[in-house]
Amino acid sequence: MKMLEESATWREEFCPERISPDDIEVEARTAKMYFKGFTKQGYPVIYMRPGRDTNDDNDLKFKYLVYTPERAVAHLYAGVDYLCWLIDFKGFSTKLTGMSNL
């Protein structure tokens, strides 16, 4: 129950529904993550390519990371409770994340 309450508080404070396409346009141009289509079971599909990350603005990255699944969830069919994530790690390196020293 605590996680649900914390999630509701976060949504109230962050307001993910207020993120507009204009807010994340710079990130979207990289095509590193996008929602497109559905599986045979009707799950929205999110494609992610972390190797295409070129932006150092972590706030913008976070907005984009929230925006994309929010859009997919908005397109859920009745009775569908899952998202399908396809992640292509080609070109990915921990250097892109700032975690190369771990």
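## Aromatic pairs and nonpolar core

Phe-14 is partly exposed, with a relative accessible area of 28%. This value, like the others here, comes from a predicted model.

Eight aromatic pairs occur in the structure. One of them joins Trp-10 and Phe-14: the ring centres are 4.9 Å apart and the planes meet at 15 degrees, so the pair is stacked. Together with Phe-62, Trp-10 and Phe-14 form one aromatic cluster.

Another pair is made by Phe-35 and Phe-38, whose planes stand at 85 degrees with centres 5.9 Å apart, so this pair is edge-to-face. Phe-35 is partly exposed, and so is Phe-38.

| Residue | Relative accessible area |
|---|---|
| Phe-14 | 28% |
| Phe-35 | 22% |
| Phe-38 | 35% |

The largest nonpolar core has nine residues: Ile-19, Ile-24, Met-33, Ile-46, Leu-60, Tyr-64, Val-66, Tyr-67 and Ala-72. Helix α3 (residues 58-74) is the main contributor to this core, supplying five residues. In soluble globular proteins, nonpolar side chains tend to be buried together.

Ala-72, a member of this core, touches Phe-35, Pro-44, Ile-46 and Leu-83, leaving aside residues up to four places away in sequence.

Note on methods:
Residues numbered from 1 in each chain as written. Predicted model: local features only at pLDDT ≥ 70, side-chain atom pairs only at ≥ 80, totals over all residues. Heavy atoms only, no water. Phe/Tyr/Trp six-rings, centres within 6.5 Å; stacked < 30°, edge-to-face > 60°. Buried < 20%, exposed > 50% of the residue type's maximum accessible area, 1.4 Å probe, protein only. Core = buried A, V, L, I, M, F, W, Y, C linked by side-chain atoms within 4.5 Å. Helix = DSSP H or I, 4+ residues; strand = E, 2+ residues; numbered from the N terminus. Contact = heavy atoms within 4.5 Å.
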